[in-house]
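Welcome! Take a moment to look over the chain below, and then we will walk through its main features together.

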Amino acid sequence: MPDKNFCRFGDITFSVVDGITGFSSSTGFDYARHDLATGKPTLQAMGETLQEVTIDIASRAVLGHDVPGTIETLENLKASGEAQKLVFGSGIYQGNFVLTNIFTSVLKSDKTGRLQAADLTLNLLEYAERDPQTRRKTETKPAGEKPRRTVTTEP
């Protein structure tokens, strides 16, 4: 990926000239809290939280941006619900993410109502595939076979 690109989300490439004005990411670790009748509560480690990424975009028609087209593309991507690869300009693969929210602030439109300037905030959430757990192996017996256990009764 060329150095001028800030990041790529699926088929959409964002470069610095595309109006990227901010980027933030958060990760964490979950704990379950168990209250006790006496003493302090205990904590139980539950695992990592999903990574959340926020990208701020300033889309301006005077800079050559297709403001309505960008919004439409992002809305279609959000509506599809499909996970997309997030790759930073340096080639660092972050993982699969879904677009959960788009906040749009319209700043200017022309006399026909076509958007000329808008600020967008995209919220991405890490999409973690669930590994199916292997089912516990259980013994099965043919339907006509008697059970092999013995039941004792006390007099």
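What does the accessible surface of the chain come to, and what share of that surface belongs to carbon and sulfur atoms? The surface is about 11,800 Å², and carbon and sulfur atoms account for 49% of it. Please keep in mind that this is a predicted model.

**Overall build**
- The chain contains 1 helix and 9 strands.

**Burial and contacts**
- The chain has 155 residues, and 26% of them count as buried.
- Take the contacts between residues at least 6 apart in sequence: 58% of these join residues at least 24 apart.

**Aromatic pairs**
- Searching the whole structure turns up 2 aromatic pairs.
- One of them brings together Phe23 and Phe88 in an edge-to-face arrangement, with 5.1 Å from centre to centre and 85° between the planes.
- Phe23 sits in strand E3 (residues 20-26) and Phe88 in strand E7 (residues 84-88), so this pair ties together parts of the chain that are 65 residues apart in sequence.
- Phe29 is partly exposed, because its relative accessibility is 42%.

Key:
Residues are numbered from 1 along each chain as its sequence is written. This is a predicted model: local features need pLDDT of at least 70, side-chain atom pairs count only at pLDDT 80 or more; totals for chains, interfaces and linings use all residues. Side-chain values use heavy atoms; hydrogens and water are left out. Helices (H or I, at least four residues) and strands (E, at least two) are DSSP runs, numbered from the N terminus. Buried means under 20% relative accessible area, exposed over 50%, partly exposed in between (1.4 Å probe, protein chains only). Contact means heavy atoms within 4.5 Å. Accessible areas come from the Shrake-Rupley method with a 1.4 Å probe; for residues, only the protein chains shown count as cover. Rings of Phe, Tyr and Trp (its six-membered ring) pair if their centres lie within 6.5 Å; planes under 30 degrees apart count as stacked, over 60 as edge-to-face and the rest as tilted.
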